[in-house]
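Look over the sequence and the structure first, then read on.

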Amino acid sequence: MLCRRKSKMLHVFDIILAGCFIAILCAFFNIQPWMWLSLPFLKSSTSSAALPPPSQPPEQFQQKQQQDQLLHGQEEKVVQKQGTDEDNMAGKALKSVDFEVFGRVQGVFFRKFTRDTAKKYGLVGWVKNTGSGTVVGVVQGPEDKVDFMKKWLKTKGSPRSRIDKAEFNNDRNVQKADFPDFKVVK
């Protein structure tokens with residue numbers, strides 16, 4: 001009897017330990033636990049669709065996947081020229097826009113991904129968190145790239161973010177960029 005209880009307790013301990021291990025791996029690789037099911041080596045040959053997260057209705061998940069596919073197609077069309085940000089903007093019509101993004105955008109590396117995406121496309125400006133749980137900033141650069149960034153802010157964001165809406169204000173043409181590069185403001 002005592003032996004049987006010990007083995008059950010060890011089995012429970014093993015399950016708890018495995019759960020902790022998976023949680024640590026998920027945190028380290030910055031993925032949600034449900035995403036393990038969509039990894040290629042864990043997919044069954046009959047199902048090719050990723051499972052939606054438990055907190056997100058399947059319709060919203062499918063819409064986000066479709067938006068990501070469309071955005072990825074547009075991303076390939078936007079080509080960044082070699083050189084510095086100032087070289088890329090020399091002699092072109094520059095556009096500036098202020099933005100505010102609502103949803104789950106804090107604590108999910110939204111600012112970092114925004115900065116990285118903006119730099120990738122030669123844009124300048126800044127981004128920061130607000131006290132009300134949103135993210136605000138300014139993007140400046142060539143018109144086509146600013147338009148791409150607006151779509152990115154409205155539909156994609158960081159992998160763990162959930163964008164409810166994005167508002168764009170003060171959309172204007174500028175002669176010269178007001179910022180040397182794109183920064184995350186604390």
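Is Ser158 buried or exposed? Ser158 is buried, because its relative accessible area is 1%, and a residue counts as buried under 20%. The model is a predicted one. The points below start with the whole chain and then move to the helix pair, the sheet and single residues.

**The chain as a whole**

- The protein chain holds 5 helices and 5 strands.
- Along the sequence, these elements follow the pattern α-α-α-β-α-β-β-α-β-β.
- The chain has 186 residues, and 28% of them are buried.

- Helix H4 covers residues 110-120, and helix H5 covers residues 143-155.
- Their axes come within 11 Å and cross at roughly 160°.
- H4 and H5 are therefore roughly antiparallel to each other, since the angle is over 145 degrees.
- The crossing of H4 past H5 is right-handed.
- On the H4 side, the contact is made by Phe110, Phe113, Thr114, Thr117 and Ala118.
- On the H5 side, Phe148, Met149, Trp152 and Leu153 take part.
- These contact residues of H4 and H5 divide into 7 nonpolar and 2 polar, with no charged residue.

**The sheet**

- Strands of a sheet pair through backbone hydrogen bonds, either parallel or antiparallel.
- Here, 5 strands form an open sheet with mixed pairing.
- Their order in the sheet is E4-E1-E3-E2-E5.
- The edge strands are E4 (162-174) and E5 (182-184), and each pairs on one side only.
- From one strand to the next, the twist averages 15°.

**Strand E1 and its two partners**

- Strand E1 (residues 94-104) pairs with strand E3 (residues 135-142) in the antiparallel sense, over 8 bridges.
- Within this pairing, Asp98 stands opposite Val138 of E3.
- Phe99 has Gly137 of E3 as its bridge partner.
- E1 also runs antiparallel to E4, and 10 bridges join the two strands.
- Arg104 stands opposite Arg162 in E4.

**Helices on the sheet**

- H4 packs on the sheet and touches E1, E2 (124-129), E3, E4 and E5.
- The direction of H4 makes about 170° with that of E5.
- H5 packs on the sheet as well, touching E1, E3 and E4.
- The direction of H5 makes about 160° with that of E4.

**Ser158, between H5 and E4**

- Ser158 sits in the loop that links H5 and E4.
- Beyond its neighbours within four places in sequence, Ser158 is in contact with Val108, Phe109, Phe110, Phe113 and Trp152.
- Among these, Phe110, Phe113 and Trp152 also belong to the contact of H4 with H5.

- Phe109 lies in the loop between E1 and H4.
- Its phi is near 60°, a positive value in a residue other than glycine.
- Phe109 counts as partly exposed because its relative accessible area is 44%, which falls between 20% and 50%.
- Asn170 is found in strand E4.
- Asn170 has a positive phi of about 55°, although it is not a glycine.
- At 44% relative accessibility, Asn170 is partly exposed.

**Val185, after E5**

- Val185 lies in the segment that follows E5.
- With a relative accessibility of 32%, Val185 is partly exposed.
- Val185 and Gly125 are 60 residues apart along the chain, and their C-alpha atoms are separated by 10.0 Å.
- Neighbours within four places in sequence aside, Val185 is in contact with Arg111, Trp126, Val127 and Lys128.

Terms used. Residues numbered from 1 in each chain as written. Predicted model: local features only at pLDDT ≥ 70, side-chain atom pairs only at ≥ 80, totals over all residues. Heavy atoms only, no water. Axes fitted to C-alpha atoms, helices over the stretch in contact; angles between N-to-C directions. Helix = DSSP H or I, 4+ residues; strand = E, 2+ residues; numbered from the N terminus. Parallel < 35°, antiparallel > 145°, perpendicular 65-115°, else oblique. Left-handed = near helix turned anticlockwise from the far one by under 90°. Contact = heavy atoms within 4.5 Å. Nonpolar A, V, L, I, M, F, W, Y, C, P; charged D, E, K, R; others polar. Pairing = 2+ DSSP bridges. Buried < 20%, exposed > 50% of the residue type's maximum accessible area, 1.4 Å probe, protein only.
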